[in-house]
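Work through the exercises below with the sequence and the structure open. Each task is followed by its solution.

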Amino acid sequence: MNTPVPIDQLIDALEAQSDSHSSYLDRETGEVYAISEDAISLSEGETDSVHLIAAWQEDLSTQIKRDDIRTGLLKAIHGSHAFRRFKDQIVHFGVREDWFAFRRRAFEEILRAWCEENGIEIKASQATIRR
């Protein structure tokens, strides 16, 4: 029997993932664990950051109404060091908090679909203030 998992816990785990850490969901207990790259012996080759850009990052950049911000963000997410340049641009244009709110909503949509596809019951979001 699977234990329902709080959606906030899944979102937090997804936000915390990096090149060196992944998350694991224990379906029986509902616990989410962080696992280091070393612990699970991931491949040693590096992936070009351009290939890691998710579609929802493109979506954010194309939804921006101001041409200068949209152009700056779209330009930032291509080429080497795309993530660093993107973060610099969201600070420069003063849309950092908007980005994090959008990102969290996108993660929630992704995780709800993933849970549905995998038969994982989720608990509703807690009304907590983050950041």
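**Exercise 1.** Decide whether His-81 is buried or exposed, then locate it and describe its backbone.

Solution. The model is a predicted one. Start with the accessible area: the relative value for His-81 is 60%. The cut-off for exposed is over 50%, so His-81 counts as exposed. Next, find its place in the chain: His-81 sits in the loop that links helix 4 and helix 5. Last, check the backbone: phi of His-81 is near 60°, a positive value in a residue that is not glycine.

**Exercise 2.** Apply the same test to Glu-28 and Ser-61, and place each of them in the chain.

Solution. Take Glu-28, which has a relative accessible area of 61% and is therefore exposed. Glu-28 belongs to the loop between strand 2 and strand 3 (32-36). Its C-alpha atom is 9.9 Å from that of Val-5, and the two residues are 23 apart along the chain.

Now take Ser-61. Its relative accessibility is 0%; buried means under 20%, so Ser-61 counts as buried. Ser-61 is part of helix 3 (residues 55-63). With neighbours within four places in sequence set aside, Ser-61 contacts Arg-70, Leu-73, Leu-74, Ile-77 and Phe-86. From Ser-61 to Gly-72, 11 residues away in sequence, the C-alpha distance is 8.6 Å.

**Exercise 3.** Which residues make up the largest nonpolar core, and which elements give two or more residues to it?

Solution. First, list the members: Ile-64, Ile-69, Leu-73, Ala-76, Ile-77, Phe-86, Ile-90, Phe-93, Val-95, Trp-99, Phe-100 and Phe-102, 12 residues in all. Second, assign them: helix 4 (67-76), helix 5 (82-92) and helix 6 each give two or more residues to this core. Third, look for another core: a second, separate one has 11 residues, among them Ile-7, Ile-11, Leu-25 and Val-32.

**Exercise 4.** Describe the second largest pocket by its volume, its lining and the classes of its lining residues.

Solution. The volume comes to about 190 Å³. The lining consists of Leu-10, Ala-13, Leu-14, Gln-17, Ser-23, Tyr-24, Leu-25, Val-32, Ile-110, Leu-111 and Trp-114. Two or more of these residues come from each of helix 1 (7-16), strand 2 (21-25) and helix 6. Sorted by class, the lining has nine nonpolar and two polar residues, and no charged ones.

**Exercise 5.** Place Glu-108 in the chain and state how it is classed by accessibility.

Solution. Glu-108 is found in helix 6 (residues 96-117). Its relative accessibility is 22%, so Glu-108 counts as partly exposed.

Technical notes. Residues numbered from 1 in each chain as written. Predicted model: local features only at pLDDT ≥ 70, side-chain atom pairs only at ≥ 80, totals over all residues. Heavy atoms only, no water. Helix = DSSP H or I, 4+ residues; strand = E, 2+ residues; numbered from the N terminus. Buried < 20%, exposed > 50% of the residue type's maximum accessible area, 1.4 Å probe, protein only. 1 Å grid on protein atoms, 1.4 Å probe; cavity = no way out; pocket = protein on both sides within 12 Å on 5 of 7 lines; lining within 4 Å. Points joined across faces, edges and corners; volume = space filled by probe spheres on them. Nonpolar A, V, L, I, M, F, W, Y, C, P; charged D, E, K, R; others polar. Core = buried A, V, L, I, M, F, W, Y, C linked by side-chain atoms within 4.5 Å. Contact = heavy atoms within 4.5 Å.
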